[in-house]
Amino acid sequence: MSSKRAASKRAAGPEASAAGPSRDEQLRLTRRIDWRFLLPSPHLGRVALVGPPDDDLRAALVSAGGTAPTELHDPLDVGRQLFDTVVLHGRMDRNALALAAAVVAPGGRLIAEIGGPLPGPLLRREASGPGAAVRVGRALAAGGFASVRTWLTWPGHDRATAWARLDDRVAVRALVARRLGNGSGPGGRAVGWVAGRVAATSAGASFIPALTVVAERDGDGGSLIARRLRDAEEGLEPSLLVLTPRYRASAHVVGLALDASTGVPIRVAKVARIADDASLQAEAAVLAALSRARGGAARRPTRLDAPGQATHGRGDPWPLRVETGRGGSQ
C-alpha cells in the first residue's frame with residue numbers, strides 16, 4: 001500500500017469518523033494546503049479537484065472544509081456546477097485548464113499546483129513542469145480572471161515551507177538568502193540578486209522546483225496576510241515572504257513584511273492554521289504580562305494589533321495577529 005493511501009486510511013479510520021481527527025492530525029493534514037493563506041480568505045467554500053487521484057490532497061481538503069471535494073475528470077462531470085475554490089494539479093494541458101477555469105464561480109479562485117522535483121520535468125519539457133506556470137498565468141489572465149499571481153513554492157507542494165511571489169524580487173532574494181544560511185556574504189548576495197531578477201521570467205521559472213498559480217475570478221489579488229501587513233499610512237502592499245513551518249507542533253503560518261532595501265522584516269503576521277485555534281490569544285496574554293512586568297515602553301514587546309478575528313472583507317473570521325519585526329540572526 002502506498003504511503004498516500006495509508007495516510008488517507010488513517011485519516012478516515014473508525015476513530016476519525018467517530019470523533020473527528022485529533023488536533024495533531026488536523027494540523028498534519030492541513031499543512032498540505034497552506035496555500036489557503038495566499039488567498040483573501042482561508043475559507044474554501046465549495047471545492048472541486050481537477051487532476052489525477054491524490055489521497056493526501058483530498059484528505060487535506062476534507063479536513064479544512066469538512067466535506068469531500070468534487071472530483072472532476074471530464075467536461076461531462078460539470079453540468080451546471082460552480083465552485084468557490086478549484087484546485088488543479090497534475091498535467092497542465094489545455095483541456096484540464098479549461099475544465100478548471102470553467103467551474104470557478106463568480107468571486108471564486110483557481111489554484112494550480114505546477115511542477116515537481118527537477119531535473120525531470122525540465123529535461124522532458126513536460127506540460128506540467130515549472131515552465132508551464134507562465135503559460136498558465138497568461139491563459140487565465142486572457143480568460144477573464146481579474147488577478148493572477150504566481151508563487152514560488154519551496155521545496156515542493158507536498159512539504160512546502162516557504163512561499164514568495166515570482167514578481168516580488170525582495171521576497172525571492174530573502175528566500176534564497178534563507179536557503180543559503182542567511183546569504184550575507186558576497187556570493188549569497190549575488191545569487192539572491194540574480195534569482196530576484198530572473199525568477200519571474202519563463203526561463204527562470206523553468207528552474208524552480210514548484211510553483212503555485214493563484215487566480216481570482218474577481219478581486220484585487222490581495223491575500224489575507226498581505227492585507228493585514230499593508231502599510232497603514234500609505235496603503236502599500238509589502239514585499240511578502242510566507243513561512244509555513246512543518247514541525248509537529250506548528251500551528252501557525254507566518255508572514256514577513258520585508259523592508260524593500262534590506263530585506264529585514266518590519267512587520268510579522270501570525271495566522272492560525274485552524275480557524276478555532278486559541279493559541280494566538282494565549283500568546284497575546286503572555287506578551288501582555290511581559291509588557292506589564294517590564295514597565296518602560298522601550299522594553300515592552302511591541303505589537304500593532306491585538307489577536308482576534310481578522311476578516312477578508314465579507315465577514316468570515318480567522319484568528320491572526322500582527323507584530324512589529326525585530327532584526328537579528330535567523
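Val50 faces Leu88, a residue of strand E3, across a strand pairing. The model is a predicted one: local features require pLDDT of at least 70, side-chain atom pairs count only at pLDDT 80 or more, and totals for chains, interfaces and linings use all residues. Numbering starts from 1 along each chain as its sequence is written, and side-chain values rest on heavy atoms, with hydrogens and water left out.

The protein contains twelve helices and twelve strands. These elements are DSSP runs numbered from the N terminus (helices, H or I, at least four residues; strands, E, at least two). Of its 330 residues, 49% are buried; the term denotes under 20% relative accessible area, with exposed set at over 50% and partly exposed in between (1.4 Å probe, protein chains only). The accessible surface is about 16,000 Å², and carbon and sulfur atoms account for 53% of it. Areas were computed by the Shrake-Rupley method with a 1.4 Å probe; for residues, only the protein chains shown count as cover.

Strand E1 is covered on both faces. Val47 and Leu49 are buried on one side, Ala48 and Val50 on the other. Pairing between strands requires at least two DSSP bridges. E1 pairs with E3 in the parallel sense over four bridges. E1 also pairs with E2, again parallel, over three bridges. Here Val50 stands opposite Leu72 of E2. From E1 the chain crosses through helix H4 (residues 55–65) to E2, in a right-handed β-α-β crossover. Right-handed means that, with the strands pointing away from the viewer, the path from the first strand over the helix to the second runs clockwise.

E3 and E4 run parallel and are joined by five bridges. Ile111 of E4 is the bridge partner of Val87. The chain passes from E3 through H5 to E4, and this β-α-β crossover is also right-handed. Nine of the twelve residues of E4 are buried, so the strand is largely enclosed by the rest of the structure. E4 also pairs with strand E7 (residues 210–216), in the antiparallel sense, over seven bridges.

Helix H5 (residues 94–102) has Ala96, Leu97, Leu99, Ala100 and Ala101 buried. Its buried residues pack against E1 (47–50), E2 (70–72), E3 (83–88), E4 (104–115) and helix H7 (132–142). At the start of H5, a side-chain oxygen of Asp93 comes to within 3.2 Å of the backbone nitrogen of Asn95. In H7, the buried residues are Ala132, Ala133, Val134, Val136, Gly137 and Leu140.

A nonpolar core is a set of buried Ala, Val, Leu, Ile, Met, Phe, Trp, Tyr and Cys residues joined through side-chain atoms within 4.5 Å. The largest such core has 43 residues, and Leu88, Leu110 and Leu140 have the most contacts inside it. Helix H8 (residues 169–179) gives the most to this core, six residues. Leaving aside neighbours within four places in sequence, the contacts of Leu110 include Val86, Leu88, Ala100, Leu140, Phe145 and Val213. A second, separate core has 30 residues, including Val87, Ala257, Ala269 and Val271.

Terms used:
Contact means heavy atoms within 4.5 Å. A polar contact is a pair of N or O atoms within 3.5 Å; within protein, one must be able to donate a hydrogen and the other to accept it, and residues adjacent in sequence count only if both atoms are side-chain atoms.
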